[in-house]
Amino acid sequence: RVYLDYNATAPLRPEAARAMTALFEAAAGAGTNPSSVHADGRAARKRLEDARAGVAALVGAKPADLVFVSGATEANNWVLARAPVDGLAVSAIEHDSVLAPARARAAAEGLPLVEIAADGDGVVTPAAVAAALDDLAARGARRPLVSVMVANNEVGTIQPVAEIAAEARARGALVHTDAVQAAGKTPLDMAALGVDALSVSAHKIGGPPGVGALVLCGGLALDPLIAGGGQERRYRSGTENLPGIVGFAAAAEAAAAGLDAMAGLGALRDRLEAAVVATAPEAVVFARKAERLANTSAFAVPGLKAETQMMHMDLAGVSVGSGSACSSGKVSPSHVLAAMGADADLCDGALRISLGWATTEAEVDRAAAAWGALYRRLAGSSAPAAG
Ligand code: PMP
């Protein structure tokens, strides 16, 4: 099979598998509780802190600022639901793990909330953020929170987070960014971004699922998420998921070393898009002119449903994604495409093809051929009968 759904989850990197296996084997007799004071516990503590440094390096953060959590959904919920702020401005193209807690909190606490639209290329402009903050200020917010992702999961657009953070800070706002899709695909430097909080997830970079991190620096003071034994600087009690964390760090180190190769995926992505457009000149490639992740392509053909295309690709042995698929397992119209102002008949037709660390040219060509075959079968007699 060909796996081209890296933005949903990346295959486990061998480096992560090896690191976790080694830990399981080493731990079989000794346990892995980093809070134990004996030598075995101290060895686990060292592994935990080494892993913290490895993950922090991938996002240009200080290891001491990083709190391990169960994934980016938890990190995003923690910030959006609990940051000590009096207003929320989130982009309309955020992942549901940002949008849902923002909406729930606004409803429960009567907090003003602005969902900032993206432009037609899928970019949230600093001017749009500034306008949202002016709106919040007019509604009485003195210290709001802005949350804009570094890169979008569906169309891959890279957001001007540093400029957005500068606008936000000038207006007294705190800034969070969901860096889940950017991590390991493009260089990240939290200080240069100028944000107060940043979320990452292991399984998107070739680590195991169920582990992620929230990096907290700057002025965002959060109350502990889970009370108990005081692990993770009292922020998140509970014995750490050391195997997952060690796998996360091994993947982060491999991803950091592979950033150039990731950038090189742009050539394969362009090859795929060229093949799609050559087969179907009416195909719309989303955010094609915007700055995008090199691994991500989202496109649609009027009248072709995403679900049908995915089924045909699946039968042809190619795993691809579509709008919102990772949140529901069912294909629903994409809120990201809607926020970009895409035509309604395209919003439930977008296929997302995302490449990654193990993708080959042959795999991309197989995917392009499979898509061409389904297009010729489904798009009716008006479609060109290419050989
Ligand atoms: N944010 C973005 C942009 C994502 O793509 C995802 C995963 N679909 C998440 C957050 C959630 O991450 P996790 O699976 O670690 O909870």
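User: Let's start with one residue. Is arginine 234 buried, exposed or partly exposed?
Analyst: Partly exposed, because arginine 234 has 15 C-beta neighbours inside 10 Å. A residue needs 20 or more to count as buried, and 12 or fewer to count as exposed. Keep in mind that this is a predicted model.

User: Where does arginine 234 lie?
Analyst: In the loop between strand S8 (212-216) and helix H8 (242-257).

User: What is its phi, for arginine 234?
Analyst: Near 70°. That is a positive value in a residue other than glycine. Most residues other than glycine have a negative phi.

User: What about alanine 287, what is phi there?
Analyst: Alanine 287 has a phi near 55°, again a positive value in a non-glycine residue. Alanine 287 sits in the loop between strand S9 (284-285) and strand S10 (296-300).

User: And is alanine 287 buried or exposed?
Analyst: Buried. Alanine 287 has 26 other C-beta atoms within 10 Å, and the cut-off for buried is 20 or more.

User: Let's zoom out. How many helices and strands are there in the protein?
Analyst: The protein has 14 helices and 13 strands.

User: What does the C-alpha trace span?
Analyst: About 70 × 60 × 35 Å along the principal axes of the protein.

User: How does the radius of gyration fit a compact globule?
Analyst: It agrees. A compact globule with 387 residues would have a radius of gyration near 21 Å, and the protein has 21 Å.

User: What share of the residues is buried?
Analyst: Buried residues make up 52% of the 387.

User: And the contacts, how many join residues at least 24 apart?
Analyst: 72%, counted among contacts between residues at least 6 apart in sequence.

User: Change of topic: the ligand. How many residues surround it?
Analyst: 14 residues surround the ligand. The closest are Gly71, Ala72, Thr73, Asn153 and Ser201.

User: What classes make up the shell around the ligand?
Analyst: There are 9 polar, 4 nonpolar and 1 charged residues in that shell.

User: Which element gives the largest share of the shell?
Analyst: Helix H3 (residues 72-82), with 3 residues.

User: Is H3 mostly covered or uncovered?
Analyst: Mostly covered: 9 of the 11 residues of H3 are buried. Among them are Ala72 and Thr73, along with Glu74 and Trp78.

User: Now the strands. Why call S6 enclosed?
Analyst: Strand S6 (residues 174-178) has 5 of its 5 residues buried, so it is largely enclosed by the rest of the structure.

User: Which residues of S6 lie on each side?
Analyst: Leu174, His176 and Asp178 are on one side of S6, and Val175 and Thr177 are on the other. Both faces are covered. In a regular strand the side chains alternate between the two faces of the sheet.

User: How does S5 run against S6, parallel or antiparallel?
Analyst: Parallel. 3 bridges join strand S5 (residues 145-147) to S6. Leucine 145 has leucine 174 as its bridge partner in S6.

User: What do S5, helix H6 and S6 make?
Analyst: A right-handed β-α-β unit, with H6 covering residues 161-170.

User: And how does S6 pair with S7?
Analyst: S6 and strand S7 (residues 197-201) pair in the parallel sense, over 3 bridges. Histidine 176 is partnered with alanine 197 in S7. Aspartate 178 is partnered with serine 199 in S7.

User: In which sense do S7 and S8 pair?
Analyst: Antiparallel, over 5 bridges. Serine 201 stands opposite glycine 212 in S8. Ser201 is also one of the closest residues to the ligand.

User: Last one. What order do the strands take in the open sheet with S9?
Analyst: S9-S10-S13-S12, 4 strands with antiparallel pairing. S9 and strand S12 (321-322) are the edge strands, and each pairs on one side only.

User: What joins S12 to S13?
Analyst: 2 bridges join S12 to strand S13 (residues 351-354), running antiparallel. Serine 322 stands opposite leucine 351 in S13.

How values were computed:
Residues are numbered from 1 along each chain as its sequence is written. This is a predicted model: local features need pLDDT of at least 70, side-chain atom pairs count only at pLDDT 80 or more; totals for chains, interfaces and linings use all residues. A residue is near a molecule or strand if its C-beta atom, placed from the backbone, lies within 6 Å of it. Ala, Val, Leu, Ile, Met, Phe, Trp, Tyr, Cys and Pro count as nonpolar, Asp, Glu, Lys and Arg as charged, and the others, Gly among them, as polar. Two strands pair if DSSP finds at least two bridges between them. A crossover is right-handed if, with the strands pointing away from the viewer, the path from the first strand over the helix to the second runs clockwise. The radius of gyration is taken over C-alpha atoms; the globule rule is 2.2 Å times the number of residues to the power 0.38. Two residues are in contact if their C-beta atoms, placed from the backbone, lie within 7 Å.
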